[in-house]
Amino acid sequence: MRRISVFGATGSIGQNTLDLLNPGEIEIIALSGGRQVDLLAADARRFGAQVAVTCYPDCYDALKQALAGSGIEAAAGPDAVVEAADRPADWVMSAIVGAAGLVPGLRALRHGGTLALANKESLVTAGELLMSEAQRHGATILPVDSEHSAVFQTLTGEDRAAVERVIITASGGPFRDWPLERLAGATPQQAVAHPNWSMGQRISIDSASMFNKALELIEAREFFGFPSERIEVIVHPQSIIHAMVGFSDGGIIAHLGPADMRHAIGYALNWPGRAHVPVERLDLARLANLSFQAPDETRFPALRLAREVMAARGLSGAVFNAAKEVALDHFIGRQIGFLDMAAVVEETMVRVSGDLCRKDAALDLEDILNADHLARQKAEEVARLRSR
Ligand code: NDP
Ligand code: MG
């Protein structure tokens, strides 16, 4: 039986993943979660998991109690999450949110199986390391982010040398047409209300600020290896086309699908084949209109910052992501405004750039975690200065 682990099992991607799995057909090795201990325990029982682990040590007692009598191991803390990733599995879903997903993903690669990667932050933070570790251990990384899954599917069977451009779409989020003055007063509650996709809180707010698309530009650069100037973003409010690839003969192949992450998760689960996935089928006549517009980098500076990261590479992705996570925390806590998030990230990038000059050296995990740590400290300082 196929051995499967799901990290971030209690989240939006994690729950969509479990929805596609049948307890009798697979063996669950590990499920990880955070504060939603009852949900984690219920899923661990349903699938007969070997181990259930929460990243929070203070949730251990509750998890242990919820698993009492089941014979399922309970564990807690970031080290326990990594230990769970050390348990051999054939297919691992990486769906923890934030840079916290990096080390468990790296460890899972050591088994040489498949890592289904929803955690884009690990590619942004440590793209080169992640890809080289996969190669070293004979592991396969499959993208789960819908745009990247779409590009991956579109490129299958194509000559990569004939690729002129990769175009990922952005819905534009809830603030697509808001003027700058109105954006300044946007609240977390307004930002979380995504028009098309149902996702976790953090990625929903990142979609509103376009930081999600900024992360995705870098993710595409790191995963597919095309030069950054060949990777474009286009705003497409309907979220029906997820990505397009333009070829040297002038043709463009687009990937269409419903705004339901189970398509991309199901693709990663069934790759290299395809199997039935219970998502809604598109009714093209009812859709009628697919529209496009250029992204506005004045109202959404995150995209411009992503271009800087792609040009600099090295540790700049780790800095960018860490600063973004801190800025997002401060916005969620209502200490800074919506537009302050990009300002905090930009200021942090400037402040730490002098300390990170090893552009061409091969990066190891320690360099990356140090850069992440330094950027978090600086971003905290910068955010506090801007706090109202
Ligand atoms: P959620 O916030 O819904 O879920 C996050 C998961 O990670 C939960 O299981 C949560 O536990 C757990 N978690 C939170 N913090 C930590 C931590 N510090 N260490 C370990 N585990 C932690 O996020 P999403 O499912 O929306 O997103 C997951 C990843 O997938 C992100 O990287 C996101 O960018 C990416 N992604 C998501 C998409 C979506 O549609 N949602 C689309 C494309 C990519 P608990 O909830 O129990 O506290
Ligand atoms: Mg996406």
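Helix α15 crosses helix α16 in a right-handed sense, meaning that the near helix is turned clockwise from the far one by less than a right angle. The model is predicted: local features need pLDDT of at least 70, side-chain atom pairs count only at pLDDT 80 or more, and totals for chains, interfaces and linings use all residues. Residues are numbered from 1 along each chain as its sequence is written, and side-chain values use heavy atoms, without hydrogens and water.

Helix α15 covers residues 316–332 and α16 covers residues 340–353. Their axes come within 9 Å and cross at roughly 145 degrees. Axes are lines fitted to C-alpha atoms over the stretch in contact, and angles run from 0 to 180 degrees between N-to-C directions. Helices are DSSP runs (H or I, at least four residues), numbered from the N terminus. The contact has eleven nonpolar residues, one polar and one charged.

Now take α11 (residues 211–224) and α14 (residues 302–312). Their axes lie 8 Å apart, at an angle of about 25 degrees. The two helices are therefore roughly parallel (an angle under 35 degrees). Their crossing is right-handed.

Oxygen atoms of ligand 1 lie 2.6 Å from a polar side-chain atom of glutamate 121, and 2.8 Å from a backbone N or O atom of glycine 34.

Note on methods. Chains are lettered from A and ligands numbered from 1 in the order in which they are written. Angles under 35 degrees count as roughly parallel, over 145 as roughly antiparallel, 65 to 115 as roughly perpendicular and the rest as oblique. A polar contact is a pair of N or O atoms within 3.5 Å; within protein, one must be able to donate a hydrogen and the other to accept it, and residues adjacent in sequence count only if both atoms are side-chain atoms. Ala, Val, Leu, Ile, Met, Phe, Trp, Tyr, Cys and Pro count as nonpolar, Asp, Glu, Lys and Arg as charged, and the others, Gly among them, as polar.
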